[in-house]
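Hello,

Here is the structure for you to open and turn around on your screen. My notes on what was found in it follow below.

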Amino acid sequence: MSDRHVYEYALLRVVPRIERGERVNAGVLVYCRRLSFVTARTHLDEARLLALDPAADLAGVRAALRAVEGVCAGGGAAGQAARDDAGRRFRWLIAPRSTIVRPGPVHTGLTADPAAEAERLLDLLVR
């Protein structure tokens with residue numbers, strides 16, 4: 001039996017002005033079905049975002065990223081999603097939406113430690 005598990009991940013992207021098509025990677029969602037694990041790791045490069053849109057709503061973006069982290073964490077921070085399992089929370093978070101914080105496409109991989117993988121992906125793709 002392998003100690004590695006299939007996981008899925010998606011980037012969280014901030015799109016300050018849709019008409020320009022520019023975006024800033026601001027986080028990563030990681031889900032491992034076998035371990036019933038879902039997490040979000042975020043990092044907002046405010047200077048980069050403001051370079052794309054000096055009028056960007058930083059407080060709103062930070063609040064949206066915190067909300068995603070709360071849904072992943074479950075419990076009271078997840079609101080109505082608190083009763084959902086990790087998979088349903090992940091699927092809800094990766095659904096396309098018309099907001100400034102948007103999920104990117106879903107990718108897959110293998111990992112023995114999904115929490116460490118989330119940190120690795122955050123360093124590689126966001127920071």
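**Y9 and its surroundings**

Leaving aside neighbours within four places in sequence, Y9 is in contact with V28, L29, V30, F90, P105, V106, H107, T108, L121 and L125, where contact means heavy atoms within 4.5 Å. Before going further, please note that this is a predicted model, in which local features need pLDDT of at least 70 and side-chain atom pairs count only at pLDDT 80 or more, while totals for chains, interfaces and linings use all residues. Residues are numbered from 1 along each chain as its sequence is written, and side-chain values use heavy atoms, with hydrogens and water left out.

Y9 is found in strand β1. Helices (H or I, at least four residues) and strands (E, at least two) are DSSP runs, numbered from the N terminus. Is Y9 buried or exposed? At 15% relative accessibility, Y9 counts as buried; the cut-offs are under 20% relative accessible area for buried and over 50% for exposed, with partly exposed in between (1.4 Å probe, protein chains only). One of its contacts, V106, is 97 residues away along the chain, yet the C-alpha atoms of Y9 and V106 are separated by 5.5 Å.

**The sheet**

In what order do the four strands of the open sheet stand? The order is β3-β2-β1-β4, and the pairing is antiparallel. Two strands pair if DSSP finds at least two bridges between them. The edges are held by β3 (37–42) and β4 (101–111), each with a single partner strand, so one side of each is left without a neighbour in the sheet. On average, neighbouring strands are turned by 20 degrees against each other, direction ignored. For such angles, axes are lines fitted to C-alpha atoms (for helices over the stretch in contact), and angles run from 0 to 180 degrees between N-to-C directions.

You can follow the pairings one by one:

- β1 (residues 5–14) pairs with β4 over nine bridges in the antiparallel sense, and V6 stands opposite L110 in β4.
- β1 and β2 run antiparallel and are joined by seven bridges, with E8 opposite Y31 in β2.
- β2 and β3 are antiparallel too, over six bridges; G27 has T42 in β3 as its bridge partner, and V28 has R41.

Eight of the nine residues of β2 are buried, so this strand is largely enclosed by the rest of the structure.

Have a look at the hairpin of β2 and β3 as well, which has four residues between the strands. S36 lies in that loop and has a positive phi of about 50 degrees although it is not a glycine. As background, most residues other than glycine have a negative phi. S36 counts as exposed, at 58% relative accessibility.

Helix α3 (residues 86–94) lies across β1, β2, β3 and β4, and runs at about 155 degrees to β2. At the start of α3, a side-chain oxygen of D85 reaches to within 3.1 Å of the backbone nitrogen of G87.

Which residues of α3 are buried? They are A86, G87, R89, F90, L93 and I94. Seen down the axis of α3, these buried residues fall within an arc of 165 degrees, so they line one face of the helix; the arc is that of the directions from the helix axis to the C-beta atoms. The buried residues pack against β1, β2, β3, α2 and β4, while R88 and W92, on the other side of α3, are exposed.

**An aromatic pair**

A search of the whole structure finds two aromatic pairs. Y31 and F90 form a stacked one, 5.2 Å centre to centre with 20 degrees between the planes. Rings of Phe, Tyr and Trp (its six-membered ring) pair if their centres lie within 6.5 Å; planes under 30 degrees apart count as stacked, over 60 as edge-to-face and the rest as tilted. This pair links distant parts of the chain, with Y31 in strand β2 and F90 in helix α3, 59 residues apart. Both Y31 and F90 are buried.

Enjoy exploring!

Conventions: A polar contact is a pair of N or O atoms within 3.5 Å; within protein, one must be able to donate a hydrogen and the other to accept it, and residues adjacent in sequence count only if both atoms are side-chain atoms.
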